[in-house]
Amino acid sequence: MTVAIFEPNLFWAAKVRAAVQAAGWRCVDWSGDENVRVLVVGLYADPRLLESVTTEARHLGVPVIGHAGHKEKELLAFGRRHGCQAVLTNGELAHRLKTHVERIAGAFFPQSPRSEG
């Protein structure tokens, strides 16, 4: 499975890449590729850019997982309003990313060859 990231924070980019690779998946930077199964976005990104990325993913049928700090209620709400299928706190992302990626990918691509790619 290929998981893309759109992550402005270098610390979180490294953590997400490591978690994705530890799960045995391929991690790429978001480029608008419809072959990506899940997109993970840092809700810290510029709001206009983030909205553009989530809109593009939605049009391509790529589910989005957004994340921000547990106290950053406005960013978490922004993710929900702009099409994230899951909005996680950073702690949840750090400890359960694999579970959430599998759940989201399975919901969007059930029993499909695409879910393996």
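**Entry 1: strand 3**

I began with strand 3 and found both of its faces covered: Val38, Val40 and Gly42 on one side are buried, as are Leu39 and Val41 on the other. I noted the cut-offs: buried means under 20% relative accessible area, exposed means over 50%, and partly exposed lies in between, with a 1.4 Å probe and protein chains only. In a regular strand the side chains alternate between the two faces of the sheet. Five of the five residues of strand 3 (residues 38-42) are buried, so strand 3 is largely enclosed by the rest of the structure.

Before going on I wrote down what I was working with. This is a predicted model, where local features need pLDDT of at least 70 and side-chain atom pairs count only at pLDDT 80 or more, while totals for chains, interfaces and linings use all residues. Residues are numbered from 1 along each chain as its sequence is written, and side-chain values use heavy atoms, with hydrogens and water left out.

**Entry 2: neighbours of strand 3**

Which strands pair with strand 3? I counted a pair if DSSP finds at least two bridges between the strands. Strand 1 (residues 2-6) runs parallel to strand 3 and is joined to it by four bridges. Here I looked up Ala4, and its bridge partner in strand 3 is Leu39. Strand 4 (residues 64-68) is also parallel to strand 3, again with four bridges. For Val40, the bridge partner in strand 4 is Ile65.

I then followed the chain from strand 3 through helix 2 (residues 47-60) to strand 4, and these three make a right-handed β-α-β unit. Right-handed means that, with the strands pointing away from the viewer, the path from the first strand over the helix to the second runs clockwise.

**Entry 3: salt bridges**

How many salt bridges does the whole structure hold? My search found three. I took a salt bridge as a side-chain nitrogen of Lys or Arg within 4 Å of a carboxyl oxygen of Asp or Glu. Side chains of opposite charge can pair when their charged atoms come close.

- Arg17 and Asp29 meet at 2.4 Å, N to O. The pair links distant parts of the chain, with Arg17 in helix 1 (residues 10-22) and Asp29 in strand 2 (residues 26-29), twelve residues apart. Arg17 is partly exposed, at 25% relative accessible area.
- Arg48 and Asp46 meet at 3.3 Å, N to O. Arg48 counts as exposed at 67% relative accessibility, and Asp46 as partly exposed at 36%.
- Arg96 and Glu92 meet at 3.1 Å, N to O. Both lie in helix 4 (residues 90-108), four residues apart, about one turn of the helix. Arg96 is partly exposed at 44%, and so is Glu92 at 22%.

**Entry 4: the whole chain**

I listed four helices and five strands. Helices (H or I, at least four residues) and strands (E, at least two) are DSSP runs, numbered from the N terminus. From that end the elements run β-α-β-β-α-β-α-β-α.

The radius of gyration, taken over C-alpha atoms, is compared with a globule rule of 2.2 Å times the number of residues to the power 0.38. The chain has 13 Å, close to the 13 Å that the rule gives for 117 residues, so it is as compact as a globular protein of that length. Along the principal axes, the C-alpha atoms fill a box of roughly 35 × 30 × 20 Å. Buried residues make up 48% of the 117.
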